[in-house]
Amino acid sequence: MKKPLLVFGLILLLLSNIYPQSVGSIKKFELKENNIRLSRVAQPTQYFDKIGRKTALMGFEDGSFEMWIWPWKPLRNFELLFFLGSSTTSIKAKDIVRRIDVTPEATTLTFVYESFTVKAIIMVPVGERGAIILLDVFTTEPLTIIPSFLPVMQPQWPAGIGGQYSYWDDNVKAYVISEGQRRAIFLCGSPAGKMMTAPPAHMFADNPLQFKIEIKPGESEDYFIPIVIAGVLGAKYDSLKTYYNYLLQNVEELYKSNYKYYSDFLSSTLSVITPVEKLNLAFSWGKIILHNLMVYNQSLGNGMVAGYGLSGGGGRPGFSWFFGGDTFINSLPIISFQDFPTVKDALKFTQKWQRQDDFPIRKKSPDEINNDVGKIAHELSQSEGLVDWWNDYHYGYNHADTTPWYIVSIGNYYRHSGDLQFIKESWNSIKQAYYWCLRKDSDNDGLMDLKGAGLGALEFGKYVHMYADMYTSAIWTQAIKEVVNMSEAMGDNELNSQSKDQLKKALIALEKKFWMDKLGLYSHAASEEGQQVEEKTPWSTIAMKWDLLDKDHTLKCLESYNDNELCTDWGVRSLSINSELFDPVNYNYGAVWPFISSLFATAQFKHNFNLAGYNTLLATVQHMFDYGLGVMPEVFSGRINSKLAEAYHDQGFSATGFMEPFLRGLLGIELDAPNNTIMFEPHIPPDWTKVEIGNLLINKDNIAITYQNEVSGRKLIINNTGEDTLKLLFQPSFGLGVIVNDTKASYNSKIVDDSLEVALGINYEKVEDSKASVYKFELDIPPGQTTLKISLNQIPELYIKTLEETGPGQKNKGLKIISQKLEGNKLTTTVEGLGSAQYELGVFGGKYIKKLEGSEFDIGLQFKISGKEKGKFYKQDIIIEFKD
């Protein structure tokens, strides 16, 4: 008799851990501290989401949401209602939400009323098809919580189905949601739940489904009450019940697993610590946003979507289906922070849908000639398989720029990762893409044409059907450079020779086709007859960030672009405010895209417009915090800092808008892994004490870099914990007038011989540049610690003094830094601001100012713009004469 009693006791113990005290409760566990937590007063109409690989929960900070388990939306309009005692008057969550706390692993919404506090801890386990909401309840009166939602059972657009149904399963304490063929089945409920509505068995009712959770005072203070939403695809209902119970019985383990997953991800990729905490937070969250673009679709595989947003009553949840162009654009910062497995998986996914002779678009007849073999897909709905996406819809391959973007992306991946094996496996795909691009050069000038190839930068409006645009032509030219590099690595001599010739031709044509001598600007696009679009747009900065254009023309353009016609305090407009076509809420003709800001700011840093570049970077990064927390909206008005109504809430290329210029511009980090070489070209503000870069992997070696500003100059410390000697190309950008007086190197704390040319292979030279003082150092980095001290002359250097933010709804008013020039010992800084407005710039080394014009000096530069008309921007020169 003892043995059965022992077994029974163990079962009771197990059940008490799952459902302690009363059925439906889970014993509370500690939520972990997280140093990237974002918190503020909740904004009920502001967006939030929790994203996994197979699931997305997207909603508002009032606690309402819709749920996707790819590619199905089982429910929407989920919300919580509260009732006290026997009252029949509901207290709505949106009216009492007080606080939001966001970490990668979970989001907590706090609802407060006079007699209760309820915290809803919302998480989507990374690899699961489901979501868990833990209710942490304290109440002084009997409280009834009613979860309410509309069942939907809708696949992602453009698919549609019928035969949906739902019912309450009292054995599971959950509503079942499915459709006649049971291709997917879902449950939403709680072990503490009691049915309230009985929907018709054969259809969805118009009213929400609801269940109730009743709580007495003191009953749940030590316990969480779980709500679980779970689904299975292509499986039977018994499998779903088993899976639902698995989620329910492993809540704490799933939470800890989520925490560990994101902690491990952040710590295993590149780390950056600056003196500006908001930049550090934005960098960590930028990594999370971009990493979470990866989606696993059971029918299609593991690929990268463009972003997330609410679908409401429709089937388009933001841009959460697969986009080739967005994948490749977003791959650049992901490569930079060294999440190589994600990029490789995303590239493999796009390769699966590359056009072949009879796939995936089928020929209409055996004799049909397919001229698009090698073209990379622009977009793919997650409902492919429920519909015939490729053959019944025309969206799949409608962009021209996607294919050269693919070559740019995979070339970047190779240079940074050194993964030659993947290039070998992909070589046929790369060549097919390259030759497809070549076939789209109808006039044989070396550049791709949009005619017959597809869309480029714009998707509608007056300039959408141009013969060629700068955007696509620049991507193609950079793609050729990548093919030159990859063909050399592959030993493909024929292609290497051809691509080198092609690159020369393309660079000449790029300049000739788009430079407008009359305006001193680059054109956005040109007609087949060679007529250029005479508009001021920032699209040419994509070529500038890759240094593809004439140096003098580039500097002239950037100086022009730096003023208020394009630059706002929240990003860069797509078109000048002085254009007849300018419309501040038009996606292509005046709105502010963080994506365009990524091109622009990276180009500004690349060409040493450091103050202006930092301004653009700060304008973009604020969107990580001033709308939804830890997400970045797609597009903003060109007149006021406001997300457009049409804009989706969590867009990948918006995160790239900050991440790429931060990593490749401000920090200037790039790798040439095949040649064991690190390129480090920092454009660090002179008031920053130091920047620490950790976990920089090059092949098998792990590198840490510390770059410090000191009174006498700069100090660079490199820790190589690997086994190989690496090459470092170090090219810091200083303020105009800064001169390197002396350098000293040490290795493992021992001073190196004075002969820099011999010791560690160190040598340096001044680089000719009119916008900054630039020096190029080359040195070997053996295993151990290498330190380079650079002694500089003492002169004033300017910097952006504060992280000044322009809040939602505000107009453009901030200071624009147009340009700087040095003549002898006089530094002229041209700024632009509103008439009669007061501004300030910081000065590092202010005691070395001999004379000042256009400003006063007291710790920093304080100046008033001389223009009298308020609301109008004026340019003004500030001249600093240095002491000898």
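Which residues touch the most other members of the largest nonpolar core? Select Phe82, Leu135, Tyr308, Trp405, Tyr614, Phe662 and Phe730: these touch the most other members among its 256 residues. A nonpolar core here is a set of buried Ala, Val, Leu, Ile, Met, Phe, Trp, Tyr and Cys residues joined through side-chain atoms within 4.5 Å, where buried means under 20% relative accessible area (1.4 Å probe, protein chains only).

A word on what you have open: this is a predicted model, where local features need pLDDT of at least 70, side-chain atom pairs count only at pLDDT 80 or more, and totals for chains, interfaces and linings use all residues. Residues are numbered from 1 along each chain as its sequence is written, and side-chain values use heavy atoms, with hydrogens and water left out.

Next, pick helix H11, residues 470-490.

Now click Trp405. Leaving out residues up to four places away in sequence, Trp405 touches Phe328, Ile329, Leu332, Tyr471, Ile475, Ile542 and Trp546 (contact means heavy atoms within 4.5 Å).

On to the strands. Zoom in on E47 (838-844) and E50 (860-864), joined by 5 bridges; Gln838 has Lys864 as its bridge partner in E50.

Conventions:
Buried means under 20% relative accessible area, exposed over 50%, partly exposed in between (1.4 Å probe, protein chains only). Helices (H or I, at least four residues) and strands (E, at least two) are DSSP runs, numbered from the N terminus. Two strands pair if DSSP finds at least two bridges between them.
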